Amino acid sequence: MNARETVIKIVGVPQHTPTNEAITTFAPVNIALIKYWGKRDDQLNLPVTNSLSIALPTKGTTTTIRINHTTHDTYWLNGESVDKNSEFFNRLHYFCDLFRFHPSYHFDIDTKNNIPTAAGLASSASGFAALTLAFNQLFRLTLEKSELSILARLGSGSACRSLWDGCVEWEKGQREDGLDSFAHPYEAATSFLDSIGVGLLIFAKEKKKMSSRDAMLTTVKTSPLYSQWSKHVEQDLTDIKRAMSQHDFIRFGEIAEKNALAMHNTMLTSEPSINYCNASTLHYREKIWALRKTKCPIYFTQDAGPNIKLLFQKESLSVVKEEFPSAEIIFLSR
Ligand code: DP6
């Protein structure tokens, strides 16, 4: 089954013909604690492993969509028209084609992120999740969250986790058509996460060198460490869930950090080597390790970009503010 067939299977034939009303939706950014890195199907974004994330309640993408009566779509990102030659344009266009239930349907899409786009801060996840919600409303599809999660995955794998607040697990599924590969809330973590803060250390705002899509493909094909990845993830998932249920922040931080480092080490050993870190990344990693010895438990995670996300407990807030004055701090409880 390809992506278009997946949409038809889930949506069927929409009964509602959209007028030119504008629909606006929001989806939060999610940060993976246990990472998705590697696909078993590149077209459907089916992952090799489960993954687990936390949503940042105030950060994400707001998308407005309406049908236009011209012959082409228009895409705006943060107030600027999206460059027709960019990878982002192609990905948006591909995704919109999946929802072009009639050839005359063209869309005006205005999308705004309140985080730097494509700097490894998962804006594509919140972007495709918000767009999926927008199509659901535009065509009055009234789909289940699990179905929306499958559709969002077709835009970007991690987007399937951006439909909920709190902690979310994405099940890798077994089926070739991917209909069992969607995310769901992991409620057992809720009370633990209420005491956790995330510090966004954004020192690189430029677009990343290599998309996660290409980087994953290269890692799976060439890294000698990739054969170990599934085993690591399974263990890390079990351990982090136990740590959260026991309210054991230190263990929680250790596992999240170790999982991020294992992902980066796995891609570093690809051919060609994939390195998302810069000098500031290494500086901040060292600083966090030093602070841990002298002041309080602070850990980090890092996605496909140089920026670092601090993980800490509420009681460490004053240290975080003092040591990382530029960090944007977000608590996970609303
Ligand atoms: C490092 O979801 O952006 O953030 O499915 O190719 O669009 P595609 O990849 P994407 O990859 C995210 C990778 C990650 C880890 C994670 O979010 O789990």
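Tutor: We will take the domains and then the ligand. This is a predicted model, in which local features need pLDDT of at least 70 and side-chain atom pairs count only at pLDDT 80 or more, while totals for chains, interfaces and linings use all residues. Residues are numbered from 1 along each chain as its sequence is written, and side-chain values use heavy atoms, with hydrogens and water left out.

Student: Into which domains is the chain divided?

Tutor: Domain bounds come from an automatic or database domain assignment, and here the chain is divided into domain 1 (3-190) and domain 2 (192-331). Their C-alpha centres lie 24 Å apart, and the contact (heavy atoms within 4.5 Å) takes 34 residues from domain 1 and 47 residues from domain 2.

Student: How much area do domain 1 and domain 2 bury between them?

Tutor: Buried area is the accessible area (1.4 Å probe) that two parts lose on being put together, summed over both. For this pair the value is about 3,500 Å², 68% of it on carbon and sulfur atoms.

Student: Which residues come nearest to the ligand?

Tutor: A residue counts as near if one of its heavy atoms lies within 4 Å of the molecule; of the 18 residues around the ligand, Tyr36, Lys39, Ser156, Ser158 and Arg161 come nearest. A polar contact is a pair of N or O atoms within 3.5 Å, and a polar side-chain atom of Tyr36 lies 2.6 Å from a ligand oxygen atom, as does one of Ser158, also at 2.6 Å from an oxygen atom of the ligand.

Technical notes: A polar contact is a pair of N or O atoms within 3.5 Å; within protein, one must be able to donate a hydrogen and the other to accept it, and residues adjacent in sequence count only if both atoms are side-chain atoms.
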